[in-house]
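Thanks for coming. I have one structure to go through today, so please look at it first.

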Amino acid sequence: SPGSWGVVIEYEFEPIKDSDYPHAAYYSYAHGYSKHGFSAFLNAFIDLLDNPYYANNNDMTVWFAGLPRLADPSTSSVVVGTLMSMFLSWTGIDNGDIHSVIPNHPMNKTW
């Protein structure tokens, strides 16, 4: 009926093999929150997105989040601060190894 969201009772997915995506990678960086650190972190994030080597690059996804810093990671009962986190995923489907698109990267032996 109109306006009804329904209930999902079944999910279906097809897993993929690591060997089908040999250049896929995931990176994450986290730092304790401070106003100065947040500004520097956000500027680094913007610089990454403005980098011409990544322009229109469908292999890369970047996201940013603030996360609670827990006194004890096994429980969320005591929050002692905030972490700034930046995440980057790379599929490598269109451009292969991420190091091949970064000039002078220390792991890139072809530049």
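What pattern does the protein chain follow, read along the sequence? The pattern is β-α-β-β, and the chain holds 1 helix and 3 strands. Helices (H or I, at least four residues) and strands (E, at least two) are DSSP runs, numbered from the N terminus.

Before going on, a word on the source. This is a predicted model, in which local features need pLDDT of at least 70 and side-chain atom pairs count only at pLDDT 80 or more, while totals for chains, interfaces and linings use all residues. Residues are numbered from 1 along each chain as its sequence is written, and side-chain values use heavy atoms, with hydrogens and water left out.

Now the sheet. The 3 strands form an open sheet in the order β1-β3-β2, with antiparallel pairing. The edge strands, each pairing on one side only, are β1 (25-32) and β2 (60-70). From one strand to the next, the twist averages 20 degrees. Two strands count as paired if DSSP finds at least two bridges between them. Between β2 and β3 (residues 79-90) there are 11 bridges, and these two strands run antiparallel. In this pair, Phe-64 stands opposite Met-86 of β3.

Where is the helix? Helix α1 (residues 35-50) lies across β1, β2 and β3, and runs at about 10 degrees to β3. Axes here are lines fitted to C-alpha atoms, for helices over the stretch in contact, and angles run from 0 to 180 degrees between N-to-C directions. Contact means heavy atoms within 4.5 Å.

Next, two residues. Is Ser-89 buried or exposed? Ser-89 lies in strand β3 and counts as buried because its relative accessibility is 19%. The cut-offs are under 20% relative accessible area for buried, over 50% for exposed, and partly exposed in between (1.4 Å probe, protein chains only). Leaving aside residues up to four places away in sequence, Ser-89 touches Ala-25, Tyr-26, Asp-59, Met-60, Thr-61 and Trp-63.

The other residue is Tyr-21, in the segment before β1. Tyr-21 has 34% relative accessibility, so it counts as partly exposed.

Last, the chain as a whole. Of its 111 residues, 22% count as buried. Among contacts between residues at least 6 apart in sequence, 57% join residues at least 24 apart. The accessible surface is about 8800 Å², and 56% of that belongs to carbon and sulfur atoms. Accessible areas come from the Shrake-Rupley method with a 1.4 Å probe; for residues, only the protein chains shown count as cover.
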